[in-house]
Amino acid sequence: MPSDLLARVMDAAVFAAQKHQYQRRAGYDKLPYVNHLLKVAEALIRIGGERDEALLLAAILHDVLEDTDATHEELARRFGREVADIVLELTDDMSLPYMERKWLQVEKAHLLSQKARKVRLVDKATNIRDIFTYPLDWPLEKKEAYLENSIQVAAHIRGGNPRLDAWFDEAVEWARQRLREWRGAGKNEPK
Ligand code: ZN
């Protein structure tokens with residue numbers, strides 16, 4: 001990775017870490033929020049081979065408008081308008097209830113730009129891996145609903161990078177296997 005790109009990615013990582021510093025991932029026991037952001041950017045680089053600066057910065061910053069006091073103008077000034085616009089595309093209207101937000105992600109998926117699609121696909125794959133790995137205080141039905149919703153979103157946005165598509169599909173297959181195991185064991189939660 002060119003050193004100027006690395007410097008920009010690290011700048012965004014520090015910015016996101018500070019903005020999200022008092023947040024923990026909902027439902028997970030004290031898991032820092034920034035873990036999620038780093039995983040999404042890391043998967044785009046390692047799995048997808050992506051090196052586009054705006055894409056990688058937007059990946060790290062993709063939840064900063066939704067979950068912190070950061071503004072679109074602030075992002076545009078510091079990281080450029082393209083990054084700010086991609087993050088805005090990926091920002092849910094948090095005044096809406098959870099289920100409606102997830103449904104709108106499916107309805108509006110086809111409107112996303114190519115770069116926003118890659119971030120969203122990897123966001124979903126990363127979340128699926130986390131939801132079915134960590135102890136998470138969601139009922140099995142909510143985990144399954146997240147999985148099914150993600151599959152619907154992915155159907156609209158895949159095709160931009162075959163390696164990322166395959167990585168998403170692997171996450172789905174693995175999660176389905178976990179679901180079968182949990183159901184087979186008659187349990188609602190992983191051991
Ligand atoms: Zn996310």
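Axes here are lines fitted to C-alpha atoms, for helices over the stretch in contact, and the angles between them run from 0 to 180 degrees between N-to-C directions. The model is a predicted one, and the values below are computed from it.

## Helix packing around α8 and α10

On that basis, the axes of α8 and α10 come within 9 Å and cross at roughly 25°. Angles under 35 degrees count as roughly parallel, and α8 is therefore roughly parallel to α10. The crossing in which α8 passes α10 is left-handed. On the α8 side the contact is made by Lys118, Leu121, Val122, Lys124, Ala125, Thr126, Ile128 and Arg129, and on the α10 side by Leu164, Asp165, Trp167, Phe168, Glu170, Ala171, Val172, Trp174 and Ala175. Sorted by class, the residues of this contact are eleven nonpolar, one polar and five charged.

Helix α10 (residues 162-184) also packs with helix α9 (residues 140-157), the two axes coming within 11 Å and crossing at roughly 155°. With that angle, α9 is roughly antiparallel to α10, and the crossing of α9 and α10 is left-handed. From α9 the contact draws on Leu140, Glu141, Lys143, Glu144, Leu147, Glu148, Ser150, Ile151 and Ala154, while α10 contributes Phe168, Val172, Ala175, Arg176, Leu179, Trp182 and Arg183. Nine of the residues in the contact of α9 with α10 are nonpolar, one is polar and six are charged.

A further contact involves α2 and α8, whose axes come within 9 Å and cross at roughly 120°. That angle makes α2 oblique to α8, and the crossing of α2 and α8 is right-handed. Here His36, Lys39, Val40, Ala43 and Leu44 in α2 meet Lys118, Val119, Val122, Asp123, Thr126, Asn127 and Asp130 in α8. By class, the contact of α2 with α8 holds five nonpolar, three polar and four charged residues.

| Helix pair | Axes come within | Crossing angle |
|---|---|---|
| α8 and α10 | 9 Å | roughly 25° |
| α9 and α10 | 11 Å | roughly 155° |
| α2 and α8 | 9 Å | roughly 120° |

## Two residues within the contacts

Serine 150, which is placed in helix α9, has a relative accessibility of 0% and so counts as buried. Leaving aside residues up to four places away in sequence, serine 150 touches Lys124, Ile128 and Phe168; Lys124 and Ile128 belong to the α8 side of the contact between α8 and α10, and Phe168 to the α10 side.

Aspartate 165 lies in helix α10 and counts as buried at 10% relative accessibility. In sequence aspartate 165 and leucine 121 are 44 residues apart, whereas in space their C-alpha atoms are 7.8 Å apart. With residues up to four places away in sequence not counted, aspartate 165 touches Leu121, Arg158 and Gly159.

## The covered helix α3

Helix α3 (residues 53-61) is mostly covered, with eight of its nine residues buried. Those buried residues are Ala54, Leu55, Leu56, Leu57, Ala58, Ala59, Ile60 and Leu61. What covers them includes α1, α2 (33-46), α4 (64-67), α5, α6 (81-89) and α8.

## Aromatic pairs

A pair of aromatic rings is described by the distance of the centres and the angle of the planes. Rings whose centres lie within 6.5 Å are taken as a pair, and by this rule the count comes to four aromatic pairs. One of them is formed by phenylalanine 15 and phenylalanine 79, an edge-to-face pair at 5.2 Å centre to centre with 75° between the planes. This pair links distant parts of the chain, since phenylalanine 15 is in helix α1 (residues 3-19) and phenylalanine 79 is in helix α5 (residues 72-79), 64 residues apart. Phenylalanine 15 counts as buried at 5% relative accessibility, and phenylalanine 79 likewise counts as buried at 5%.

The rings of phenylalanine 132 and tryptophan 182 have centres 5.7 Å apart and planes at 15°, so this pair is stacked. Because phenylalanine 132 lies in the loop between α8 (114-131) and α9, and tryptophan 182 in helix α10, the pair ties together parts that are 50 residues apart in sequence. Phenylalanine 132 is buried at 0% relative accessibility, and tryptophan 182 is buried with a relative accessible area of 6%. Elsewhere, Tyr98, Trp138 and Tyr146 form one aromatic cluster.

Definitions and conventions
Residues numbered from 1 in each chain as written. Predicted model: local features only at pLDDT ≥ 70, side-chain atom pairs only at ≥ 80, totals over all residues. Heavy atoms only, no water. Helix = DSSP H or I, 4+ residues; strand = E, 2+ residues; numbered from the N terminus. Parallel < 35°, antiparallel > 145°, perpendicular 65-115°, else oblique. Left-handed = near helix turned anticlockwise from the far one by under 90°. Contact = heavy atoms within 4.5 Å. Nonpolar A, V, L, I, M, F, W, Y, C, P; charged D, E, K, R; others polar. Phe/Tyr/Trp six-rings, centres within 6.5 Å; stacked < 30°, edge-to-face > 60°. Buried < 20%, exposed > 50% of the residue type's maximum accessible area, 1.4 Å probe, protein only.
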